[in-house]
Amino acid sequence: MRSLSLLLLSASCALILSLAYAHPPEGVWKKKLTWKEDWVQVWKTIKKEAWETKWKKVSVPIWKEVQVPVWKEEQVPDWKIVKKPKIEEREVPAWKDIKVPEWKKVTKPIWVPTKVAVWKEIKVPVWKEIQVPFWKEIQVPVWKEVQVADWKQMFEPQWVKMGIPGEKFLGKDHEGWEYTSHDLWRKKLIWKPVWKKVWRTEKKQEWKTDKVQEWKTEKVQEWKTEKVQEWKQDKKLEWKDEWVQVWKNSKKQIWIKEKRETWVEEKVQIWRTEKKQVWATEKKQAWKDEWKSVQVPVWKEVKVQEWKKVWKPVWEKVWVPISHGHGHGWD
């Protein structure tokens, strides 16, 4: 805009000079106040939306370690008197069932080979076999009860003298003096083993003479008409006495170990539970203030360039022709 105004001013001057040199009129130069248009650069304040960082106070949860009292159980040693069972072994007499051999007479069927006679009639002397009974002595076993000596262990009560070591409290007198003693003696009842001779009954095997009936064959001669005897092999069923060994139940005295339970006092160490106060670290929730940045919209004033049209007063020299026909001129 400024260059345009300078261009117009140059053109006006050129026109005036050309007119002056062309036809120089009569006149005078005078100052004339005129308003000239011009463009000037100004700064304009406008509002512009922007983002501004602001700090906001917020409360955030945090874990805070604190010390709290707690009870802790711990084991401490202690002594306790307990009664414990004690097993003592001793031998006691007892009866044991045993099997003893014995002879028993049984009758068994047996097949005896024999000859069967076949008769043929002839007139000849013949010998005839006949069976005649007779008694035969045999030895048979028998059991006889006898008394045998034996030794048996028995227990007899006996009082023995034993010492009690250490100091013993015996009481107080009327004035409060204590009576004590050292190394007392006391009686103790014990069982002393004693072997005694006893008689027990046993069975002893003996042999005795007995009779059994048997048959024997004899021949007799006859003269008559008879059959000739012939023999063929055969068998017949007979009963035979036999002695077999059997087992019978009997009782025998033996010694067995017996366990007897007694109680003895013993001092043993135990562990006792006690509570002790200690401090433990725990996490507790708390709130902590923190500053947090947030973006908030704001209106911000900014300066911007702008061209403004203004009118400036300018004194110009203008040529004022003088007119002679009139009675007045320019002031």
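Let me begin with a definition: a residue is called buried under 20% relative accessible area, exposed over 50%, and partly exposed in between, with a 1.4 Å probe and protein chains only. By that rule W243 is partly exposed, because its relative accessible area is 34%.

Before going further, please keep in mind that this is a predicted model, in which local features need pLDDT of at least 70 and side-chain atom pairs count only at pLDDT 80 or more, while totals for chains, interfaces and linings use all residues. Residues are numbered from 1 along each chain as its sequence is written, and side-chain values use heavy atoms, with hydrogens and water left out.

The chain has one helix and four strands, and from the N terminus on these run α-β-β-β-β; helices (H or I, at least four residues) and strands (E, at least two) are DSSP runs, numbered from the N terminus. Of the 331 residues in the chain, 6% are buried. With a contact taken as heavy atoms within 4.5 Å, residues 24 or more positions apart account for 94% of the contacts that have a separation of 6 or more. The accessible surface, from the Shrake-Rupley method with a 1.4 Å probe, where for residues only the protein chains shown count as cover, comes to about 29400 Å², and 55% of that belongs to carbon and sulfur atoms.

To return to W243, this residue has its place in strand β4, residues 230–321, and together with W103 and W143 makes a nonpolar surface patch of about 280 Å². Patches are made of residues with over 30% relative accessible area and no salt bridge, like charges being joined within 9 Å and nonpolar side chains (Val, Leu, Ile, Met, Phe, Trp, Tyr) within 5 Å.

Now to the aromatic rings. Rings of Phe, Tyr and Trp (its six-membered ring) pair if their centres lie within 6.5 Å, planes under 30 degrees apart counting as stacked, over 60 as edge-to-face and the rest as tilted. The count comes to two aromatic pairs. The rings of W29 and W319 have centres 5.1 Å apart and planes at 70°, so this pair is edge-to-face; the pair links W29 in strand β1 (residues 27–118) with W319 in strand β4, 290 residues apart.

Finally, the structure holds 16 salt bridges, each a side-chain nitrogen of Lys or Arg within 4 Å of a carboxyl oxygen of Asp or Glu. One of them joins D289 and K57, whose closest N and O atoms are 3.6 Å apart; D289 lies in strand β4 and K57 in strand β1, so the pair ties together parts that are 232 residues apart in sequence. Another is formed by K84 and E266 at 3.7 Å, N to O, linking strand β1, where K84 lies, to strand β4, where E266 lies, 182 residues apart. E258 and R90 also form a salt bridge, with the closest N and O atoms 3.1 Å apart, and this pair links E258 in strand β4 to R90 in strand β1, 168 residues apart. Salt bridges that share partners also join D78, R272 and E274 into one network.
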